[in-house]
Amino acid sequence: CHLGLHALNEGRSTLVLGENVGPVPVTLRVKDGELESAELSVAQLPQFEPAPDAEALAAITGLAAADFAGGAYAPRFASCGAKFLMAVLNSTEALGRVQIQGGGYAELLRSAPSQDLWLAASVGEGRWQARMFAPLMGIPEDPATGSAAAAFGGFLAEAEPLAAGTQRWQIDQGIEMGRPSQLFVELDRAEHQTRAVRVRGAAVMISDGQMRVAGA
């Protein structure tokens, strides 16, 4: 929209992004000519794989194994097209203590299904605080990760089974790095299966520029 490639039509309109995982519908909400939010629907429903245990993750995050939740919230790889290693911590205090151990991180995850780590802690009914690290991709920490939020919705739906209906969560991210964000996840369940996942959020322009290409 900022580039003028899609009109800001009042109310709701939809565009489709062509991603490597498939077409991703995006619903835009416009009020008084301003884009209020965008909501994407995932191209792939949640998928899961086993992941390293709490002891292994504690060694690469500077935490103790006791800081990690177990049982239904035990670590696993989760994906709605983009895969993340996901783990739940027992407190936001532990989340704030995370210190990625570069050498151990690379050794543990270099050949894993994903090298991106998502950690989250509950801050109340339907609300979570999260951090996402991808140092092997040159991203020490990401302030907002929509693809991870979608996969985390799938993770939570498996941990907190919902027979039928729509479950909603708010995810606060980027707090520890001074760039707070909010993402809203919705997940539809029917017959004990996930049928759809949506992620909604808003953005603000913080920089703009032009790139000069030599010889162009």
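Visitor: Which side chain does E191 meet in a salt bridge?
Guide: That would be R195, at 3.2 Å, N to O. Bear in mind that this is a predicted model.

Visitor: Is E191 buried or exposed?
Guide: E191 counts as exposed because its relative accessibility is 64%, over the 50% cut-off. R195 is partly exposed, with a relative accessible area of 41%.

Visitor: Where does E191 sit?
Guide: In the turn of a hairpin formed by strand 11 and strand 12, which have two residues between them. E191 has a positive phi there, about 55 degrees.

Visitor: How do strand 11 and strand 12 pair?
Guide: Antiparallel, over seven bridges. One of the bridge partners is R198 in strand 12, facing E186. E186 and R198 also belong to a network of salt bridges, along with R168 and D188.

Visitor: And what about strand 10 and strand 11, how many bridges?
Guide: Nine, again in the antiparallel sense. I171, for instance, has L183 in strand 11 as its bridge partner.

Visitor: Changing topic: which residue does R127 form a salt bridge with?
Guide: D172, with the closest N and O atoms 2.7 Å apart. R127 lies in strand 8 and D172 in strand 10, so the pair ties together parts 45 residues apart in sequence.

Visitor: Is D172 buried or exposed?
Guide: Buried, at 5% relative accessibility. R127 counts as partly exposed, at 35%.

Visitor: How many salt bridges does the structure hold?
Guide: There are 12.

Visitor: Last one: how many residues of helix 4 are buried?
Guide: 11 of its 14, so helix 4 is mostly covered. Among the buried ones are F152, F155 and L156.

Technical notes: Residues numbered from 1 in each chain as written. Predicted model: local features only at pLDDT ≥ 70, side-chain atom pairs only at ≥ 80, totals over all residues. Heavy atoms only, no water. Pairing = 2+ DSSP bridges. Helix = DSSP H or I, 4+ residues; strand = E, 2+ residues; numbered from the N terminus. Buried < 20%, exposed > 50% of the residue type's maximum accessible area, 1.4 Å probe, protein only. Salt bridge = Lys/Arg side-chain N within 4 Å of Asp/Glu carboxyl O.
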